[in-house]
Amino acid sequence: DQGLLFNSNRNRPSVAQKFSLTDNGAEVVVNVNHFKSKGSGCGAGDDDEQFGQGRCNGTRTRAAEGLAIWLGQTYPELPVIILGDLNAYAMETPITALQQAGYTDLARLVDGVQAYSYEFNGEYGSLDYALANQLGLDALVDVEEWHINADEPGAFDYNDQFPFSSAN
């Protein structure tokens with residue numbers, strides 16, 4: 001559906017919550033997302049096989065555009081932080097669309113191009129993000145990347161099989 005920007009049948013619904021600081025009443029909006037994965041296709045015109053952005057890139061890009069519009073209209077005068085698994089690498093169109101809408105990738109602000117949120121077979125990249133609008137950036141006190149499971153060895157896999165066992 002090209003008329004719908006944020007398709008919650010493909011992306012998980014976006015959840016926003018406004019918080020107020022108890023000491024001074026300052027407010028901040030935290031918005032959590034999980035955009036459509038690259039794992040299954042969305043069809044011709046949506047899947048990007050030409051430039052390597054993967055399946056459902058159009059769905060993710062439109063979700064980013066719709067999210068930026070909705071947050072800008074709903075919370076125009078508040079700091080906003082977007083968190084979540086956006087299933088797009090740093091230079092792909094869903095992320096660049098959010099950057100063009102005025103959001104800053106906080107991990108890249110701190111760690112530059114070396115920022116990453118996962119490791120797979122020795123390759124590092126980002127699919128998970130914290131982005132702030134300009135008001136959020138102005139209110140920011142500190143940023144720290146926490147690789148909660150990106151750097152774990154395979155022996156700590158979360159399935160029921162011990163990965164180094166030769167017995168069946």
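How many disulfides does the count come to? The count comes to one disulfide, taking a disulfide as a pair of cysteine sulfur atoms within 2.5 Å. The legends below start with an overview and return to that link further on.

This is a predicted model, so local features need pLDDT of at least 70 and side-chain atom pairs count only at pLDDT 80 or more, while totals for chains, interfaces and linings use all residues. Residues are numbered from 1 along each chain as its sequence is written, and side-chain values use heavy atoms, with hydrogens and water left out.

View 1. Helices (H or I, at least four residues) and strands (E, at least two) are DSSP runs, numbered from the N terminus. Reading from that end, the elements follow the order β-β-α-β-α-β-α-β-β-β-α. Of the 168 residues, 36% are buried; buried means under 20% relative accessible area, exposed over 50%, and partly exposed in between (1.4 Å probe, protein chains only). The accessible surface is about 10,500 Å², and carbon and sulfur atoms hold 52% of it. These areas come from the Shrake-Rupley method with a 1.4 Å probe, and for residues only the protein chains shown count as cover. A contact here means heavy atoms within 4.5 Å. Among contacts between residues at least 6 apart in sequence, 63% join residues at least 24 apart.

**View 2. An open sheet of five strands with mixed pairing.** Follow the strands across in the order S1-S2-S3-S7-S4. At the edges are S1 (15-20) and S4 (104-105), each pairing on one side only. Two strands pair if DSSP finds at least two bridges between them. As a reminder, strands of a sheet pair through backbone hydrogen bonds, either parallel or antiparallel.

**View 3. The S1-S2 hairpin and the step on to S3.** S1 and S2 are antiparallel, paired over six bridges, and Gln17 sits opposite Val30 in S2. Six residues lie between the two strands of the hairpin, and Gly25 in the turn has a positive phi of about 75°. S2 then meets S3 through six bridges, and these two strands run parallel. Look for His34, which stands opposite Asp85 in S3.

**View 4. S7 with its partners S3 and S4.** S3 (residues 80-85) and S7 (residues 128-132) run antiparallel, joined by five bridges. Leu83 has Ala130 as its bridge partner in S7, and Gly84 has Tyr129. S4 and S7 are also paired in the antiparallel sense, over two bridges. There, Asp105 stands opposite Leu131 in S7.

**View 5. Helices H1 and H2 against the strands.** H1 (residues 57-74) lies across S1, S2 (27-34) and S3, and runs at about 160° to S2. For this angle, axes are lines fitted to C-alpha atoms, for helices over the stretch in contact, and angles run from 0 to 180 degrees between N-to-C directions. In H2 (residues 93-100), the buried residues are Pro94, Ile95, Thr96, Ala97 and Leu98. Their cover includes H1, S3 and S7. After H2 comes Gly102, with a positive phi near 105°.

View 6. Rings of Phe, Tyr and Trp (its six-membered ring) pair if their centres lie within 6.5 Å; planes under 30 degrees apart count as stacked, over 60 as edge-to-face and the rest as tilted. Phe6 and Phe35 are edge-to-face, at 6.2 Å centre to centre with 70° between the planes. This pair links distant parts of the chain, 29 residues apart: Phe6 is in the segment before S1, and Phe35 is in the loop between S2 and H1. Both Phe6 and Phe35 are buried. Trp70 and Tyr75 have ring centres 6.1 Å apart and planes at 85°, so that pair is edge-to-face. Trp70 is partly exposed, with a relative accessible area of 36%, whereas Tyr75 counts as buried at 15% relative accessibility.

**View 7. The disulfide of Cys42 and Cys56.** The S to S distance in this link is 2.0 Å. With 95° about the S-S bond, the link is right-handed. Cys42 and Cys56 are 14 residues apart, each in the loop between S2 and H1. Is Cys42 buried or exposed? Cys42 counts as buried because its relative accessibility is 15%, and Cys56 counts as buried at 0%. For orientation, a disulfide is a covalent bond between the sulfur atoms of two cysteines.
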